[in-house]
Amino acid sequence: MEKNKKISIVIPIYNTEQYIERCLRSIMCQTYTNLEIICVDDGSTDGSGVLLDKLSLEDERMQVIHKANEGVSAARNTALLAATGDYIGFVDSDDYVAPDYYEKLLSVFEENEKVDIATCSYCMDYEGDIVKTENQRKVPITPMSIEEFLPYMYERDTYKAVGGYLWTKLIKKTVIKNDDGSLKICFRREFGGADDIAFVAELMLNSSYIQYIDKALYYYFQREGSIVHSNVANLNNLHWVEVYEWILKQYQNQGINETSLDIIRRMYVYRCGKTLETAIEIQNTEKIHILREKIKAELPAYVKMNLDHLERVLWIVELLLYK
């Protein structure tokens, strides 16, 4: 039954001319062929748009949308509105996927109709040096309720290969879109480059069951100059801090258990701590004060969740006391 289902793949593009062809050819050569490849050129100023148009002539499954630059959130939302598939997946334009990526993820739905999201492991590509991510403990490969899955998703140090990443997931369209084509959930521009973190949290709250497969099928490319690695930018806008505050609020409102919330609080304090390091380094006194207050508010949960890692507690305390 699932073999006739269409998969819509959302790819936002902005000035990644150097990487687009590798990304798209990895998708065009998939073993599962019933694909809709939606590329949104978000006002690129390099040759990305021209290259997209050229590649689309090779594959009728490609749909290229050119639009004025509004940021990655708007680009993804544009693609979602255009998506007509039964399942929706996301790929970043500088990343690429294994040849059987979608075949393997789709097989999860064939075996378990109640599953709303299929997710897999991934590899890091450090400019040609490929490193497969590994979990420190075994993760069930059977359907789990969302509440059962949250600890695996947010306890990133133990379950690094699971993560809460958007690009390792294939999602039933009905989780994201209404019957009339409107969006149940969308990407929130207020979180900038952390919009995908909020989107995944909403996916969880709109789903019933998720299943993980322990196969590294996605290749996450790490490159110099990537937005995610700009520590100063992260300090200036605090998106990576504010998104976890928002996530905590959403999960609390839905009555998610305290154990899962504490795991997220631990991640939140960690994010605050890494951002505080940057604030201290450049002596931004305003942000130092703001971040210290945020850390203090959730410090008990952070300490409780790190009793086996006292070096982490010492690290955060030193940041709070640093003059």
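**View 1. The surface and overall dimensions of the chain.** In this predicted model, the chain exposes about 14600 Å², of which carbon and sulfur atoms supply 49%; accessible areas come from the Shrake-Rupley method with a 1.4 Å probe, and for residues only the protein chains shown count as cover. Along its principal axes the C-alpha trace spans about 60 × 45 × 40 Å. Buried residues, meaning those under 20% relative accessible area with a 1.4 Å probe and protein chains only, make up 56% of the 323 residues.

View 2. The chain has 12 helices and 10 strands, which are DSSP runs (helices H or I of at least four residues, strands E of at least two) numbered from the N terminus. In helix H3, which covers residues 72–82, the buried residues are Ser73, Ala74, Ala75, Arg76, Asn77, Ala79 and Leu80. Their cover, counted through contacts (heavy atoms within 4.5 Å), includes strands E1 (7–13), E2 (35–42), E3 (62–67) and E4 (87–90), together with helices H6 (173–176) and H7 (195–205).

**View 3. Strands E2 and E3.** These two strands pair in the parallel sense over six bridges, where pairing requires that DSSP finds at least two bridges between them. Valine 40 has isoleucine 65 in E3 as its bridge partner. From E2 the chain passes through helix H2 (residues 48–56) to E3 in a right-handed β-α-β crossover, that is, with the strands pointing away from the viewer, the path from the first strand over the helix to the second runs clockwise.

**Notes.** Residues are numbered from 1 along each chain as its sequence is written, and side-chain values use heavy atoms, with hydrogens and water left out. Local features need pLDDT of at least 70 and side-chain atom pairs count only at pLDDT 80 or more, while totals for chains, interfaces and linings use all residues.

Terms used: Buried < 20%, exposed > 50% of the residue type's maximum accessible area, 1.4 Å probe, protein only.
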